[in-house]
Amino acid sequence: MPTNLLPFQGEASFFPDFFSEQESDLLFQKAVEEIHWKQEPIWMFGKKVMQPRLTALYGHPEISYGYSGIEMKPFPWTDFLLEIKNRIEKEAGVIFTHVLLNHYRDGKDSMGWHRDNEKVLGPNPVIGSVSFGALRNFQLRHYVDKQHKISLDLSHGSFLLMKGETQHHWEHQIPKTSKIIGPRINMTFRRIG
Ligand SMILES: O=C(O)CCC(=O)C(=O)O
Ligand SMILES: [Fe+2]
């Protein structure tokens, strides 16, 4: 059992080699080729802007999910997504209903500071985050006292589990990097409704 990455007000556990190298290579390839990737707009400070990455939502087809002013209708589960879901549910101890997928094409793609605290996720969301492909830096920062910052590298085949009060008190981001790097796939499994 890994130790908690957060000093207080939340729980985040990191499993660097959750999937084997071989499995991870295969799952990365499948995700790149088989997921219906799209660049979607979001609303930021009253303006419609394109997200700096590709995204897709999969899961329970009757329950749509939205954030930052957009509404996404999920595609139905595929076999390889269900396989990943089953594996991480054993560790997380919850049943996930959806997965939001992110495709960072290179170092210019990113995700800004945010919390995964939409009302539909409930009071203490459990977020299961799986990464394949290029290594990217992931940062957590206390929402009020922004001095408290934690940085970790999300590697190929890794699993990050956030739960408890984390989404109340900590925000997270994937910063841009000037390093020349290849694509990365991230999947954040969630429980909606
Ligand atoms: O790409 C990542 O590791 C983070 C994704 C994320 O924070 C999200 O989808 O809410
Ligand atoms: Fe997030």
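I count two strands as paired if DSSP finds at least two bridges between them, and I take helices (H or I, at least four residues) and strands (E, at least two) as DSSP runs numbered from the N terminus. This is a predicted model, in which local features need pLDDT of at least 70 and side-chain atom pairs count only at pLDDT 80 or more, while totals for chains, interfaces and linings use all residues. Residues are numbered from 1 along each chain as its sequence is written, and chains are lettered from A and ligands numbered from 1 in the order in which they are written.

**Strand 10 and its partners.** I looked up strand 10 (residues 136-142) and found that it runs antiparallel to strand 11 (residues 149-154), joined to it by six bridges. The two form a hairpin with six residues between them, and L140 has I150 as its bridge partner in strand 11. Strand 10 also pairs with strand 13 (residues 170-174), again in the antiparallel sense, over four bridges, and there R141 stands opposite E171.

Over residues 95-193 I read 4% helix and 49% strand, with the end C-alpha atoms 12 Å apart.

**Shell of ligand 1.** I took a residue as near the ligand if its C-beta atom, placed from the backbone, lies within 6 Å of it. The residues around ligand 1 include N102, D116, F138, H172 and T188. Strand 7 (98-104), strand 9 (127-133), strand 13 and strand 14 (184-190) are the elements that give two or more residues to this shell.

**Helix 2.** Helix 2 (residues 79-92) has 14 residues and spans 20 Å from first to last C-alpha, close to the 20 Å expected at 1.5 Å a residue (the expected span being 1.5 Å times one less than the number of residues). I call a residue buried if 20 or more other C-beta atoms lie within 10 Å of its own, exposed if 12 or fewer, and partly exposed in between. By that count L81, I84, K85, I88 and A92 are buried in helix 2, and they lie on the same side of helix 2 because they cover an arc of only 105 degrees around the axis (taken from the directions from the helix axis to the C-beta atoms). The face turned away from that buried side carries the exposed residues D79, L82, E83, N86 and K90.

**Backbone check.** F45, although not a glycine, has a positive phi of about 50 degrees. F45 is in the loop between strand 2 (41-44) and strand 3 (47-50).
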